[in-house]
Amino acid sequence: MSGFNSNFSLSPVFCLHNGTIVLDDNKPENTITFGLLDSSNEKLKERLCHAVHSKNDFTGKTCGINFRQIKKEEFNLMLSKLFERKENNLAAEESSTLKEKEENEASALLSSLIFSAQHQGATDIHIESEDVRFRVKGKLSKYTSLENKSRESLVQRIKLLAKMNVVENRRGQDGQFSFRGNKNESIFVRVSCIPTVGSSGESESVVLRLLDSSKIPLSLEKLGYDILQIGLLKKLCRMENGLILICGPTGSGKSTTAGALLQEIRKTECETKKIISLEDPPEYVLPGVTQVKIQAGHDMDFADALRRVFRQDPDVIFIGEIRDSLTAKVALQAALTGHLVIATLHTGNITQAKLRLTNLGESSSLVEEVTRGVISQRLNNGKLRAEIEVSNVK
């Protein structure tokens with residue numbers, strides 16, 4: 001190994017901006033292999049050779065440097081692991097101010113986390129006081145830990161992208177931004193930030209919901225329902241009016257089920273019905289459905305949007321979530337006056353779904369009168385567990 005330093009590394013920022021990374025498959029031991037997104041980039045190869053020469057004093061000797069073309073998915077996954085190891089050597093990074101360096105590394109870390117979450121099929125990223133956790137198939141699991149400085153820089157970066165107040169850390173904030181994913185698709189990221197306290201002092205909990213707006217929901221037959229349940233769901237889709245509730249915990253697939261129901265209605269009704277969805281934000285692209293993005297800060301909350309939607313002459317209305325008494329009231333009125341309304345609720349079971357509406361101020365008799373069906377679902381190790389109650393259906 002005469003003079004070779006096998007610990008040669010590149011900083012995550014340099015890797016991200018130049019599309020290269022040090023691979024672990026170096027054989028024999030006195031060589032180093034770089035993975036390149038663009039193997040035709042001769043200028044980058046020269047820079048990397050120069051960096052290795054400078055660090056390992058290869059004067060007059062063979063470099064022992066190899067290059068290999070790698071796919072973007074492999075590159076993103078390895079970059080995330082590089083952050084986990086926290087090896088931030090500045091071997092070939094062009095210097096900048098400390099603030100710029102921190103901002104660049106926070107940007108690279110955020111990209112790495114989102115890419116890794118995509119790779120694992122996660123729907124949410126939880127950035128907490130010490131850990132980063134991913135929600136995959138409805139369950140949270142630890143992905144990595146962050147030092148306080150890295151976490152603070154990451155949170156600031158997220159707030160900046162989501163157009164939040166970056167200096168506000170004493171009250172909750174909501175925001176959103178778009179991100180280019182692994183396959184260059186547009187990922188819509190919904191952000192929730194709230195202040196917390198713990199053993200390490202005051203902090204903030206940040207949750208990112210990852211929404212791939214290019215995806216189209218699966219058909220009812222592919223969601224995991226049994227044959228009898230599929231029959232009940234298709235029967236509900238043929239209703240002319242009334243309320244269909246989809247309930248379950250976070251990450252249980254409520255929006256996916258709703259999207260599949262809307263697609264089933266569109267398919268069976270031969271595109272003869274006007275379908276409008278109100279979502280914060282839309283989670284899927286639904287062909288044939290008029291999708292409205294709710295923007296609470298611009299006088300377009302669910303209740304306000306519902307009132308405006310009636311002038312659009314809809315037959316079917318989907319409400320992304322019934323959150324307050326006003327939305328519940330307008331939704332039930334719509335279901336009572338000839339519209340088919342599909343809505344989601346964050347409740348644990350069928351009984352709690354109806355109880356939730358009465359707690360929001362609606363009479364239990366009205367809820368029973370307009371409700372056509374309640375779907376309660378959750379994911380257990382990636383498998384759907386669901387109960388469906390159908391009533392007032394002829």
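The model is predicted.

**Entry: helix α7**

I looked up the partners. I then listed the buried residues themselves. Eleven of the 15 residues of α7 are buried, so the helix is largely enclosed by the rest of the structure.

Helix α7 covers residues 254-268, and at 1.5 Å a residue its 15 residues should span 21 Å. The end C-alpha atoms of α7 are 21 Å apart, which agrees.

**Entry: helix α9**

Helix α9 has twelve residues, 325-336, and should span 16 Å at 1.5 Å a residue. Its end C-alpha atoms are 16 Å apart, in agreement.

Next I looked at burial. Thr327, Ala328, Val330, Ala331, Leu332, Ala334 and Ala335 are the buried residues of α9. What covers them includes three strands, β10 (242-247), β13 (316-319) and β14 (340-345). The cover also includes the helices α8 (302-309), α10 (350-359) and α11 (364-370).

I then went to the two ends. At the start of α9, Asp324 places a side-chain oxygen within 3.3 Å of the backbone nitrogen of Leu326. Just after α9, Gly338 has a positive phi of about 100°.

**Entry: Ser205**

Is Ser205 buried or exposed? Its relative accessibility is 18%, and the cut-off for buried is under 20%, so Ser205 counts as buried. I found Ser205 in strand β9, residues 201-212.

I asked what touches this residue. Beyond its neighbours within four places in sequence, Ser205 contacts Ile127, Glu128, Ser192, Cys193, Ile194 and Thr196. Ser205 and Glu128 lie 77 residues apart along the chain, yet their C-alpha atoms are separated by 4.9 Å.

**Entry: whole chain**

The chain holds eleven helices and 16 strands. It has 394 residues, and 47% of them count as buried. I took contacts between residues at least 6 apart in sequence; 61% of these join residues at least 24 apart. The accessible surface of the chain is about 19,800 Å². Carbon and sulfur atoms account for 47% of that surface.

Technical notes:
Residues are numbered from 1 along each chain as its sequence is written. This is a predicted model: local features need pLDDT of at least 70, side-chain atom pairs count only at pLDDT 80 or more; totals for chains, interfaces and linings use all residues. Side-chain values use heavy atoms; hydrogens and water are left out. Helices (H or I, at least four residues) and strands (E, at least two) are DSSP runs, numbered from the N terminus. The expected span of a helix is 1.5 Å times one less than its number of residues. Buried means under 20% relative accessible area, exposed over 50%, partly exposed in between (1.4 Å probe, protein chains only). Contact means heavy atoms within 4.5 Å. A polar contact is a pair of N or O atoms within 3.5 Å; within protein, one must be able to donate a hydrogen and the other to accept it, and residues adjacent in sequence count only if both atoms are side-chain atoms. Accessible areas come from the Shrake-Rupley method with a 1.4 Å probe; for residues, only the protein chains shown count as cover.
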